[in-house]
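Welcome! Here is a short briefing to read alongside the sequence and the 3D view.

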Amino acid sequence: MFYNILQTLIKIYLLIFYKVKIHGDINLLNENLIICPNHVSYLDPILIKDLTKRPIHFMAKKEIFKNSFINYFLNKLKAFPVDRDGNDLKALMNAVKIVKNNNLLCIFIEGTRVKTHDLENAKPGAILIAHLAKKDILPIYIKRKNLGLFDSIDIYIRDIYRLPDLDYKDKNNYKIVAKSVLETIYGEDLIEKV
């Protein structure tokens, strides 16, 4: 009930304050996979949530769960905390369980909001979860210009990304694949920024 009401409020909010245009195959969100968008603003989770009626679980930094009021709503929104500074095994196993149970999980592959197109921003966590859960990744590019109200926002849903056949005992391969996913997300815009 709460989730459906929120979904409606999000849709109204976006219609009033932003011009959102979606490119690509929206039906890919019916698959059971891990959504990996880039991350440019606080609005990004709302934009991702609005793409599908399916509930989406989000990993979020543990610091924002300290406020009990915010914590209540984050839990209702199916968000769960992760310690970005350490090896958070509990969050990792929770994420793997979510996607193994055929739920949608969203992980911002850059880990935090960034302003530059840089492959070094790619974090390996999403790749580790995809490997352990044996799930594919859906790269999504959120392209914004002004980061303000009434901004035009283009959302590019890329093709499904299947993990390459590598030796994942070598931890360096997680970072290599994460960079490849981020490169897929930015597409031609990465070439323009380099």
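A residue is called buried under 20% relative accessible area, exposed over 50%, and partly exposed in between (1.4 Å probe, protein chains only). By that scale R144 is buried, with a relative accessible area of 13%. Please keep in mind that this is a predicted model, where local features need pLDDT of at least 70, side-chain atom pairs count only at pLDDT 80 or more, and totals for chains, interfaces and linings use all residues. Residues are numbered from 1 along each chain as its sequence is written, and side-chain values use heavy atoms, leaving out hydrogens and water.

- β2 (residues 34–37) and β6 (residues 137–144) run parallel over four bridges, and I35 stands opposite L138 in β6.

**Helices across the sheet**
- Helices are DSSP H or I runs of at least four residues.
- Angles run from 0 to 180 degrees between N-to-C directions of axes fitted to C-alpha atoms, for helices over the stretch in contact (heavy atoms within 4.5 Å).

**Around R144**
- R144 lies in strand β6.
- Not counting residues up to four places away in sequence, R144 touches Y18, V40, S41, L43, D151, S152 and I153.
- The backbone oxygen of G148 lies 3.5 Å from a polar atom of the R144 side chain.

Definitions and conventions. Pairing = 2+ DSSP bridges. Helix = DSSP H or I, 4+ residues; strand = E, 2+ residues; numbered from the N terminus. Polar contact = N/O pair within 3.5 Å; in protein donor to acceptor, adjacent residues only side chain to side chain.
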